[in-house]
Each structure stands twice: as C-alpha cells, then as structure tokens.
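Visitor: I'd like to learn how to read a few packing features off a model. Could you walk me through them, general idea first and then the case at hand?

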Amino acid sequence: MENKLDVRLGEPTLMPPAEETKKGLYFLSNLDQNIANQVRTVYCYKSACRGNEDAAQVIKDSLSKVLVHYYPMAGRLVISSEGKLIVDCTEEGVVFVEAEANCVIEDLGDLTKPDLETLGKLVYDIPGTTNILEIPPLLIQVTKFKCGGFVLGVNVNHCMDDGLSAMQFVNAWGETARGLDWTISPVLDRTILRARNPPKIEFAHHEFDEIEDVSNTRKLFDEEILYKSFCFDPDKLEQLKKKATEDGVVKKCSTFEALTAFVWRARTEALRMHPNQQTKLLFAVDGRSRFVPPIPKGYFGNAIVLSNALCKVGELLNNPLSFTVGLIGKAIDMVTDRYMRSAIDYVEVKRARPSLTATLVITAWTRIPFHTTDFGWGKPFFFGPVSLPGKEVILFLSHSEESKSINVLLGLPVSAMKKFETLMEI
C-alpha cells in the first residue's frame, strides 16, 4: 500500500446475546485444547448499490441475535479444576469496535499478496494482554472506508471453532443480518468427543515427538522474517500432480498431496537443514465423516485431528517427489475413528502439545467457503488471514471464489526466502 493506512478506532464495547442464555461451564474437547491460538481474518465488502452508513449497526444487531444460539462465544475462557481450558458462559459478550479508515478500500492494494502489517490494523487486539485467558473468545472490528466499502475483522480463539465451524457461525450471522432462516443449526455438545474412560492409546502419535534441532534452525529464525504469497494456477497444480505420478510409484495423487509434498521439500531445502535432521510434517484432517458414528451436521467446535509424516532431510530431498507424496498419502489414510479416539486419549493422559522443532504445519483453507458470507452487501470481494499462527505454518488459500488457483502464504528468514522463491519456479 502506497500511503500508510491510518485507522481511527472507536471505544470498544461489549455485545452480549440479545436474550438470556444458558450459564455455567461449557466443556471443550481435547481437540479444542491443543489449538488455543488467535486466528485473525478479514472480510472486505463494497456494494455498488448500498453504502456503509449502517454497516456497523447491522453487523452488531445480527451478532447479538446469533449469540443467543452460539452463546459460548459470549463467555470467557478459564482453567477448569482439571487444569484444562473451559468456557465460563457469563453472557459478558463479544468485544465490538467501530473504526474509520483514511482512504478508499482499493488503497489496500493487491490483496492476493497481503501486506500483513496493513491488514493487521483492521482486526482488533486488546492492548497489553499477556495470555489467552485475558482475551475474550471473539473480538470484532468493523472499519468503514471513504468509498462506502467496509472491512469486517474477526479475531477468534481457535479453541472455539475450526474452519468449517467458523464458517457455519459467520454464515448464520450473515443470514440473520439478511432476515433469512439458517442453513445449518448448531450442535453445541462437545462431550461427544470426550476422552474414553479408561483412556486407550493405540497408536504412536509421532505428532508429539520431540525432535533434536541438529540444524540449529532456531538461530535462523532470529533473522528478520519475510512473508510472501505464491500463486499456483490450475496448470501449475496439474504439472505437480503429473510430476508426482510420472515414475509410477504412486498411481494417483490429490492437489493437496502434490502441493504439500512440493512445499515441504522446498522449505526444508531453503532452510538448509542437515541431511541427518529428522523433519516432521503436520496437517489437519477433518474428522467429521471419519468418526464412527460421523459427527452430527452442525457440530460447533474443532473436529480436526493432526496427522503427521516423519523422515530424515536426506531422504526427503534425495528421493523423487513421489516418495514425499507417498508419506503424505499414508498419513491421511491413517486417520481412522480408532486413530482419532486414540489421539484424544493421548492428550488426556500425557497433557502434551505437538512439538514443532524442524516441523512444517500445513493449514489448508481451500475447501472452506469463506467467500460466501453475505450481510446484505453481497459476498466479500476478498477474504484472508492477517497473520500466520506461527513460523512453522504454511497456509493454502483459495485465490478467489471462481478461481481454482491456490495461494501459498508463508514466512521465512530473509536468506531462506530467496532460496524458496527460486524453488517455486516450476
């Protein structure tokens, strides 16, 4: 963005549910416990036939109505007597901030190559907080631009919802704003994913393995971190899939498998990891249809399970792409009902968090219909993140609603990013 974006924030207010709701403690499953980080996203709107004068009011009023049915979002995170995260349903409300920008929305520039520092001004963070218990589960900012456009900034704790649940919530909110019936009603009972009694760990769960940092990658990340986005159009994606299957080792592979294999290898090479370094890949698998019985439609919470693949750097880089695709395929197939129940029980017994040394975490938002959220100004012309949850994360995003292209967003130390850029040229 040429001119520095200047955003004037109003006073934060609390938006409680429009009616009295259930009070008391609300259970979070072990799948919620391990991803309690803030997720910040923006939805950008501009309508040819409707200005932004009443945008904040419409969004605020509909939010209070939707919170009646999604009441845990209006509560506060606390630690339970078992030492776990739990929601105290207090009806305190969601933090809501109205803001005004000093420019037109087009001045945000090419949003497919996001400037995270600029977009960060469009999502509200409570100043001075030091841990998640000081931050309400949901914070909302509506920023009006001089052209009649506006941006909805959402800051939510991941322990409250995964991507599909987040979309369900935001789409119900949009439907409420337009006076429509909801497409999906929420199922709030998370105890269906409670650990078994007694717990039964049936798998090794290498996602929790501590890896020795023989490459000293921690030191590399002390450098300045550069964030970049790389677009893979359908031709490039097809080329990768062809490359992955050309030696006949794997008969077919998905776009996710080919792209994940490609960026895992490229990032590992760019970070110049030692050939004997053990490296780990983590990615989320949606468990909704894999649980037995399947998770009910409308389940609100995290129903994603981390799967993993491990190998030495030398193996990863000296073998063809098909080798890496094979590892990823096995990691996907491993996620069965037994595996997921075992992962839930593992956290119950060990109270462990996945270790992230020499690890890449892939988060794919390509199948989540974020571009559908309509509050009465049409669909957003852009949706995207304003930050990455950690230096280990690569995000796959849809380029746009119509496009089959995928944007790959990541942050790397400056020296590693130069190498990564050359490896992206296929």
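Guide: Let's start with helix packing. Two packed helices are described by the angle between their axes and the distance between the axes. In this predicted model, helix 6 (residues 234-245) and helix 9 (residues 321-333) pack at about 95°, and their axes are 7 Å apart.

Visitor: At what angle to each other does that put helix 6 and helix 9, in words?

Guide: Angles from 65 to 115 degrees count as roughly perpendicular, so helix 6 and helix 9 are roughly perpendicular to each other. Leu240, Lys243 and Ala244 of helix 6 make the contact with Leu321, Ser322 and Val325 of helix 9.

Visitor: On to the rings. How many aromatic pairs are there?

Guide: A pair of aromatic rings is described by the distance of the centres and the angle of the planes. The count here comes to 19 aromatic pairs. Take Phe203 and Tyr339: the ring centres are 5.2 Å apart and the planes lie at 65°, so this pair is edge-to-face. Phe203 is in the loop between helix 4 and helix 5 (217-220), while Tyr339 is in helix 10 (residues 337-350), so to speak a link between distant parts of the chain, 136 residues apart.

Visitor: Is Tyr339 buried or exposed?

Guide: Tyr339 is buried, at a relative accessible area of 1%, whereas Phe203 is partly exposed, at 27%. Then there's Phe370 with Phe383, a stacked pair at 4.0 Å centre to centre and 10° between the planes. Both Phe370 and Phe383 are buried.

Visitor: Which residues form an aromatic cluster?

Guide: Tyr45, Tyr70, Phe150, Phe169, Trp173, Trp182, Phe300, Phe375 and Trp377 form one.

Visitor: Last one: which charged ends sit over a ring?

Guide: The charged end of Arg194 sits over the ring of Phe27, 4.4 Å from its centre. Lys391 has its charged end over the ring of Phe221, 5.8 Å from the centre.

Conventions:
Residues are numbered from 1 along each chain as its sequence is written. This is a predicted model: local features need pLDDT of at least 70, side-chain atom pairs count only at pLDDT 80 or more; totals for chains, interfaces and linings use all residues. Side-chain values use heavy atoms; hydrogens and water are left out. Rings of Phe, Tyr and Trp (its six-membered ring) pair if their centres lie within 6.5 Å; planes under 30 degrees apart count as stacked, over 60 as edge-to-face and the rest as tilted. Helices (H or I, at least four residues) and strands (E, at least two) are DSSP runs, numbered from the N terminus. Buried means under 20% relative accessible area, exposed over 50%, partly exposed in between (1.4 Å probe, protein chains only). A charge sits over a ring if NZ of Lys or CZ of Arg is within 6 Å of the ring centre and within 35 degrees of the ring normal. Axes are lines fitted to C-alpha atoms, for helices over the stretch in contact, and angles run from 0 to 180 degrees between N-to-C directions. Angles under 35 degrees count as roughly parallel, over 145 as roughly antiparallel, 65 to 115 as roughly perpendicular and the rest as oblique. Contact means heavy atoms within 4.5 Å.
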